[in-house]
Each structure stands twice: as structure tokens, then as C-alpha cells.
Amino acid sequence: MSPDDLLDRAAQSLRDQTRDSIRSGDRTLAQVLASLRVRRRRRRILLAALIPVGTLFFGLAGWAMVTGRWSTFLPPQLVPGSQVVPTKEVVHRTRRRPPVIPAQSGTGAVVPPAPANTPPVPEPSLPQLAPPTKSVAIIDRPEPRSAKTATPPAPVAAPPAAAPTVREPSAADELYRQAHEAHFVSRDYAAALVAWNRYVMLGPKARFFIEARYNRAIALVHLGRNAEAIEALRPFATAPPDSYRRAEARDLLRHLGVPAAAVP
Amino acid sequence: MRMAAIGVPSLVNALPLSSSDATDEIALAARLAAGDESTLRDVYRSHHSALRVFARRLVGDDMSAEDLVQEVFVRLPKAARRFRGEASLRSFLIGIAVNHARHHVRSAVRRRALADRLGQSSPAQDCRPDLEHERRSLSEALSRALDTLPLDERVAFVLCAVEERTSAEAAVLVGTRDSTIRSRLLKARQKLRLQLIAWVDPEGEAQ
């Protein structure tokens, strides 16, 4: 018998031997079912323990998010949004208020071009902005706004006791921040104008739409684009009394050479 | 009927089913995955014998084979989620057995080695010309020879030579290529031939 034949016979023998050893398998079935029932029970117990824990955790997280009390159960470094980014400014979410633009010498102080051979026109000074009762300002800058400013910024009112939620700036807020920085910090009025224009294009639903329109007008004045500046200031000057920047706009129009009669 | 079914390896095929059979088995698998105990009982009763036979041939002893069968059916509800009906449910069960055989083969090999050390091994070949006895001895010798093979070669040999499946069917069960199965089978046969020759003629006297 050749080795291959031997191997084939052995395989046949193994096949026949094992075919003959048939069991009913009831005991194995019972063990299988018992094992599965134990697993199912363990899974149910685990779920019964995990669901309440999970619910509690997410409930607490939601409460902390709403009230801003992350520090109640998280270490400070894990508190979302706690990191102060020096270059970015976080804007408080408050009621709609005009932004507190720190008074800086020359900020918005428009020096209309003095016509030749005319007596110098006193520079109109923009009135100091009254700090709002609720802060809309850039809040994580306790130091004076910029080293470039000659006068310290207007004090920012302390936030109310029920601290409003600090949130990440939206794209619109970021746009406003950039425009503000260009206008009042860098004094780059050309860049500021571009940024104000972009913000104004967001439309009246933008939070600081009115303020952006006014600042845009100021940027136009600084750039010497008087015709456009007059057009931009007119709505403010002709608004009802006590409207935003009405008095300032009327002053500026006068200095730009618009007769008082033309400004009802 | 059951004996006939087990004795005809072609019923245990790894080839694609007809679409209606596949649909039925997919539905069955879905119920298994959902944890339906009565479906599990039905599947067990339909397939445990064939699975046990395969397991016995693969691992080489009844106890380990029974453990392997139990493990396959315990894992079946979870594994059933992967069943797509490309092959029969029986083939799917055998595939699970192949994937989880390693531990049981090792266990069986250890048991046999321990039995040998304790002098409880199967009686050596004796002179009785009894065919039944010869068959039993040869079967035992082959089981021990299989212990010397790596698991993948052992699986290939049992599926193709013992269970008489084609290499294509075996490749589907194992999840590899046809050529790989044939290569493993060839290596297994070469090694087993030498083992069996040594068993038949321990002193090398036969020509």
C-alpha cells in the first residue's frame, strides 16, 4: 500500500469513526441556553446600572452648560471655553446695546479737512460713551485696550451678578471684532471700511448693525470720502431725537459743510 | 434520515444557496440575532450533529468537540448578524467552528499528551486482523498525526480529505483563497504521510 493510499484509508477511517459517534446533544443544548440566559441577564444588569449614571451625567452637563457652572464638577482646565485667548475677544451675550468703544484720543474724532485760508474749525469731540449697565464689551481684557491709546479706555461695567454665559464668538462677532480693531486700534481706516462694509452686508439682523453703519461713516470721513460720508451720516442725523448718534452725526455733517437747513 | 444526511457530505455545502433558501435562512439568522430561543433550538436540532461530526474530526476527541459545538451555538446569536445568505447556515456554523477551533484543538492535544504520559494512550496496534479494530487504530493514529500540524493545515486536511469538500468550498468556509487551501492541503498530506508510515512501521523494517 502506498503512503497516499494509507493516508486516504486513514481519512476514511476517521470519517467513519466519527460518523458513528452521534450523540443526542440535549445536554449541550441546555448548557448553550443557560449560558445565553446568563449573558442576557448580565447585559440587562449592566444597562440598568449604566442608564441612570449616564442620564445623571448628561443632566449635570446640561445644567452646567446652561448655568455656566462647569467648575462645580470639572477642574478649571477642563471647563469649556475657559481658555483665554489673548488675541481673540469674547463678546458677552447680552441684550442689544451699543458696543463700548473706549474713548481714545482721536478715535472717531473727526478732523474735517480744513479748507485753505479758513480759520481752523474746532475739532468736534465725540462724546464719551456712557458705559452700558450691562457689559457688551470685550470682557477678557482687564488691561487698557491698547498701548497706542493716549487716554485710558472707558471703564467697562462689571457684569451683573448672574453672570451671562460666555460663549464662543460667532462669525459675525469676529467680523465686528476685526473691523473694530482696524478702526480703533490699528487706525487703518481703509481696512476698517472694508470690514464695516462686510458687517453691514449681514443686514439689520446683525447684532451691531446700526453701530457698524455709524462707524463706517466715520471711516469714510477719515478717508476723506466726504460725499459718501455725508450720505452715510444723513440717516443718523435725520433720525428722531434721542436716536443713536443723532447729535454727533448732525455735528459731523455741519463740519463737512452740510448746511443746517439741509438736515431737518 | 439524519444518518444519511450526515453521511452525505454534499449536503454540507459551501456553495451559494438558491434565492428562496437563502431568504429563509436570512430570516432565520435575523431571529437568531434577535435572541429568539425557539429559533436557536430549531437550528441546534437541525445542525448540531453535522457540526459535532466536523468538530470531532477537527479536534480529535469527543470532549473537546462537544466544547467546540457548545461554543459555536453560544456565539451564534451575535455572529448571526453577519450572516448574509451567501452560503448555507450549516456552512456558516462550520466557519464559526473553524474560527474558534484553536483553543479546543490545543486542549485536545494537551489531553492526549497527558494521557500518553500517564500510559493511558490507545492500545498499540495489535495483530488482530479485525477490520473494525484496524479502522479504529488508523483513525486514532491519524488524529494523533493531525496534532503535529499547524491549525490551518489541520483544518484544510479535515475539510478536504476527511469531509470530502472541494478546495473551493473549504476556502469559503475558512475565508481564504482556493490556492491557499490547496497549498495547505498539500503540505498537510506530505507531513501526515510520513507520520503514518512511521506508525505502520515504527522500526522502518517494511519495504
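Across the interface of chain B and chain A, 13 residue pairs are in polar contact, both partners at pLDDT 80 or more. The model is predicted. On the chain B side, the elements that give two or more residues are α1 (2-7), α3 (37-59), α4 (62-79), α7 (131-146), α8 (151-162) and α10 (178-200). The largest share comes from α3(B), with 11 residues. By type, the chain B side divides into 19 nonpolar, 7 polar and 16 charged residues.

Now take the interface as a whole. The size of an interface is often given as the accessible area lost when the parts come together. Here chain B and chain A bury about 3,500 Å² between them. Carbon and sulfur atoms carry 62% of that area. In residues, 42 of chain B are in contact with 31 of chain A.

Charge also crosses the boundary. B:Glu37 takes part in the crossing. Its side chain meets that of A:Arg37 in a salt bridge, 2.6 Å from N to O. B:Glu37 also forms a salt bridge with A:Arg40, where the closest N and O atoms are 3.2 Å apart. A:Arg40 lies in helix α2 (residues 26-67) of chain A and B:Glu37 in helix α3 of chain B, so this pair joins two chains. A:Arg40 is partly exposed, at 23% relative accessible area. B:Glu37 is partly exposed as well, at 21%. Elsewhere, a network of salt bridges links A:Asp4, A:Asp8, B:Arg189 and B:Arg193.

Other salt bridges stay inside chain B. An α-helix has 3.6 residues a turn, so residues three or four places apart point the same way. In helix α4 of chain B, B:Arg75 and B:Glu71 are 4 residues apart, which means about one helical turn. Their side chains meet in a salt bridge of 2.8 Å, N to O. B:Arg75 is partly exposed at 36% relative accessibility, whereas B:Glu71 counts as buried at 19%; the cut-off for buried is under 20%.

Helix α7 of chain B repeats the spacing: B:Arg144 and B:Glu140 are 4 residues apart, about one helical turn. They form a salt bridge with the closest N and O atoms 3.2 Å apart. B:Arg144 is partly exposed at 23%, and B:Glu140 is partly exposed at 23%.

How values were computed:
Residues are numbered from 1 along each chain as its sequence is written. Chains are lettered from A and ligands numbered from 1 in the order in which they are written. This is a predicted model: local features need pLDDT of at least 70, side-chain atom pairs count only at pLDDT 80 or more; totals for chains, interfaces and linings use all residues. Side-chain values use heavy atoms; hydrogens and water are left out. Contact means heavy atoms within 4.5 Å. Buried area is the accessible area (1.4 Å probe) that two parts lose on being put together, summed over both. A salt bridge is a side-chain nitrogen of Lys or Arg within 4 Å of a carboxyl oxygen of Asp or Glu. A polar contact is a pair of N or O atoms within 3.5 Å; within protein, one must be able to donate a hydrogen and the other to accept it, and residues adjacent in sequence count only if both atoms are side-chain atoms. Ala, Val, Leu, Ile, Met, Phe, Trp, Tyr, Cys and Pro count as nonpolar, Asp, Glu, Lys and Arg as charged, and the others, Gly among them, as polar. Buried means under 20% relative accessible area, exposed over 50%, partly exposed in between (1.4 Å probe, protein chains only).
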